[in-house]
Amino acid sequence: MRRLAGLSELAGPVFLLVLVAVLGSLASRSLQVEFRSALVSATIVIALYVFIGNSGVVSFGHVSFVAVGAFAAGLVSVPEALKLSASPELYPFIAGAEVGNAASLAIAAAVGGVYAFLVGVPLMRLSGLAAGIATFAVLEITHNVLRNWPKIGPGAKTLPLVPETSSFLQVTLGAVAVAAIAFAYQRSRPGRLLRAAREDPAAAQGSGVNIHRQRLLAFTLSGALAGFGGGLLVHLLGSITTEQVYIDLAFITLAMLIVGGVSSLWGAVVGALLVSGLNSFLAEAERGIGAVDLPTGTRLVTLGFLMAVTLLFRPAGLTGGRELQLRK
């Protein structure tokens, strides 16, 4: 019974992800993209949860790993001639690389994980506000490097003609796989050690827990999953710009995690899907839906207000920071 109760913590999020995929496949063609986008958003938010939820350290820079994963997967998926026509200054090893869909997602995860490890070695010694500001600095650096270094990407221009291979099957399997990895990590010994360090850093360190090492492990794993999410994103959109993986995405994904509940996998999935649906509706309303025509910017103002209200009246999120569990 104890093992079944533990598995219910994974079964709930997986069931919700699959349910959204099934409903999306039955929706109209115009709405199917929104449902797939919600599943990709859930993947990215689960990646955020792996680090933020288990460590208690807020990271504003995880979209950096989404960005490098998205550009890596996109660049290796586009044929050489098309890449050079859009970005003639690319390094030869980037211009000549051309792999299939599955390999591009693996590359996206690897690039995100390696990048997270490199920046995490110094940053994971920080806590609190200092860690949040430092990770935001990583986001700014990543954005400017991708935007102004044409040898590694299209720069300020769009990376076009990326194969749109993120079908319902792929994004659902991807989201479920990331949820399973997050579940396995939080129940593993490193995950428990990191949670102990989150609750009482002094006691954990006094018990022999290497907090820097445990944070770095979670940060690297989270970066790899975020890079994978970036790969799914670019294969969903079919093109990518640096602005699409910048502050707006960082704000929205953090809002999803906070609204759902930072400290649980169930909260990450619930928040991602609910806020993604609201975000899609408001974005359409800004463009005009019948008699509803909202001013530009209403979407971000509403999400900011929702996040503030959640922090004021429900600090643990809609799920209370608890996992979904079966009761006798």
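Student: Why are helix 8 and helix 11 called roughly antiparallel to each other?

Tutor: This is a predicted model, where local features need pLDDT of at least 70, side-chain atom pairs count only at pLDDT 80 or more, and totals for chains, interfaces and linings use all residues. Residues are numbered from 1 along each chain as its sequence is written, and side-chain values use heavy atoms, with hydrogens and water left out. Helix 8 and helix 11 pack at an angle of about 175°, their axes 11 Å apart. Angles over 145 degrees count as roughly antiparallel, so the label applies to helix 8 and helix 11.

Student: What makes L161 exposed?

Tutor: Exposed means over 50% relative accessible area, buried under 20%, and partly exposed in between (1.4 Å probe, protein chains only). L161 has 53%, so L161 is exposed. L161 lies in the loop between helix 7 (128-148) and helix 8 (168-187). Its phi is near 60°, a positive value in a residue other than glycine.

Student: Why does F60 count as partly exposed?

Tutor: The relative accessibility of F60 is 38%, so F60 falls in the partly exposed class. The loop between helix 2 (29-55) and helix 3 (63-77) holds F60. Together with V58, F136 and I247, F60 makes a nonpolar surface patch of about 310 Å².

Student: Which residues of helix 9 are buried?

Tutor: In helix 9 (residues 189-199), they are G191, L193, L194, R195 and A197. Their cover includes helix 2, helix 8, helix 10 (201-206) and helix 11 (211-237).

Methods. Patch = residues over 30% accessible without salt bridge, like charges linked within 9 Å, V, L, I, M, F, W, Y side chains within 5 Å. Areas by Shrake-Rupley, 256 points an atom, 1.4 Å probe, with all protein chains shown as cover. Salt bridge = Lys/Arg side-chain N within 4 Å of Asp/Glu carboxyl O. Helix = DSSP H or I, 4+ residues; strand = E, 2+ residues; numbered from the N terminus. Contact = heavy atoms within 4.5 Å. Axes fitted to C-alpha atoms, helices over the stretch in contact; angles between N-to-C directions. Parallel < 35°, antiparallel > 145°, perpendicular 65-115°, else oblique.
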